[in-house]
Amino acid sequence: MRAVIAEDLALLRDGLTRLLRDNGIDVIAAVDNPTDLITTVEREQPEIAIVDIRLPPTFRDEGLRAAIELRQSAPETSILVVSQYVERSYAAELLADGRGGIGYLLKDRIFDVAAFVDSVRRVAAGGTALDPEVVAQLVSRRRPGGALDRLTPREQEVLALMAEGKSNAGLAEKLVLSTGAIEKHIANIFTKLDLVASSNEHRRVLAVLAHLNSQANDI
Amino acid sequence: MGEVSTDPRVHLKRRQLFRLHTAISGGLAVVLLIIWVVTSGPFSYPWPEWPILFFAMALAVHRLFLVVFENPGRWMKRRMTTGFALHLGVALILSAMVTAIWVFAGRGYFWPVWPILSFAIALAIHWLYVLSRRIEHLEVRRSDAVEMQQSDLSRIERDLHDGAQARLVALGMNLGMAEQKFATDPDGARLLVSEAREGVGDALKELRDLVRGIRPPVLADRGLEAAISSLVDRSPITVHVASHITSRPTEPVETAAYFVVAEALTNAAKHARANRIDVLLNRTDNTLQVEVTDDGRGGADVAGHGLRGLRRRVEALDGHLFVASPAGGPTVIRAELPCGQ
């Protein structure tokens, strides 16, 4: 798998490059600014670009803006945005086009190397990876008496992990349940939230995220 | 709240009273003029000029009070106090009156120069007093601002020292021990390393919270409305935001407004037992108004650390902070921050 990294701090850029290479991911370029990121990705069409939000020249949200631009100009490349802080509104912007192949994680998540590499592979394959902190904000911002309140505590747990982008197998492992039991919970969630179920795991996650986002924005 | 009433009904009553006063004075003047013409003819000495002059003066003073107290903010903006505005008005009316008396008394030597000069001297002294009070006020605010900056820095220093720095020390110790154990006790070493990893996560979280308390990144990135909606995302209470901001205010004003909302939301969640919070942002030509209302039980401690810090922050920018929190609620915190175009 080919990846491009955009990170302005050399220490972190080199560390991330080494970490990914150690895990069998081919880092073809590591750049430190949004302009190079966009030209490299458009030219090389890697499976994934890992982008820091804070990039020069103003060190504000250039990385995020570049990521959103790349969603349009290089739709074949998945994007994983990493940052020192997460904001629900930024996640909403990244998810706005309703397509998969997108991730948004705190840099802290890199420490759990196996889980992080798993997220990178999942996003590269068209899945999603959303930071638990964003998911917690999404789930907590709900209308009292709304559809989410109809879910059982177990279903809410499944919903939150799904929103993070975990696969059914990942969910089963985390909750110590059989995949059959997970499938049943997911079917219940989709019925209660009035969502159209799909056999595709990624598409189901996107449906859940779209639902959570619209709930959060309504308030 | 330290404000002069701006109830529109009161205004209306005051204006009606003034209109009545004008009508009575006018009526009396007409009656006097008729008496004068009927009794001694239009070419005799016009004695009604004297009572009419006093009617006019009474009306002018009445009008002056109306203008001065109707909109006290107007004087503040021109660096005037209400007292000085009143003094200036009275001096102008008296000057006009002595000049009229001089005209009625057959002119000649312009003696009103002396009373007018004394009015001017009194005004100048009053103006100097107003200025010196303003300087005193600014000096207090400046030292407050410096003190606030100092206490903020000490807090940050303490937070770093007790938080992230201490965690890094513990981490270094963990890693050092792990290094020793690698050869003899690989399982123990692995445990220490994974503890160290968790420690890094905690240190990062602390640093993130600290940064958010200094100046949240989203405020710099996307402005006040985005930063407030980020606060709302993290609030356990339902918050409704109504925003009328046409253009971004300056950075210090944005930051102060952000912390007014942040502090108010924290207080409402921590102490007020509120169910609903309303945030109102309003930008006029030269002020940013921020108002946070919660339906909690009221009784906020105005002299407490949080609100005192806010007041200093707002006043350092020449703004005003109003807090109303009667027992039983609701609590209203309003900041008015001057901001240029």
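Mentor: Two strands pair if DSSP finds at least two bridges between them, where strands (E, at least two residues) and helices (H or I, at least four) are DSSP runs, numbered from the N terminus. This is a predicted model, in which local features need pLDDT of at least 70 and side-chain atom pairs count only at pLDDT 80 or more, while totals for chains, interfaces and linings use all residues. Residues are numbered from 1 along each chain as its sequence is written, and chains are lettered from A, and ligands numbered from 1, in the order in which they are written.

Trainee: Which residue of β2(B) is the bridge partner of B:S243?

Mentor: Strands β1(B) and β2(B), the latter spanning residues 276–283, run parallel and are joined by seven bridges. Within β2(B), the bridge partner of B:S243 is B:L281.

Trainee: What distance does helix α9 of chain B reach from its first C-alpha to its last?

Mentor: Helix α9(B) covers residues 251–272, which is 22 residues, and just after the helix B:R273 takes a positive phi of about 55°. The expected span is 1.5 Å times one less than the number of residues. For α9(B) that expectation is 32 Å, and close to it is the distance reached in the model, 30 Å.

Trainee: What does the C-alpha trace of chain A span along its principal axes?

Mentor: Chain A has ten helices and six strands in its secondary structure. Along the principal axes, its C-alpha trace spans about 45 × 35 × 25 Å.
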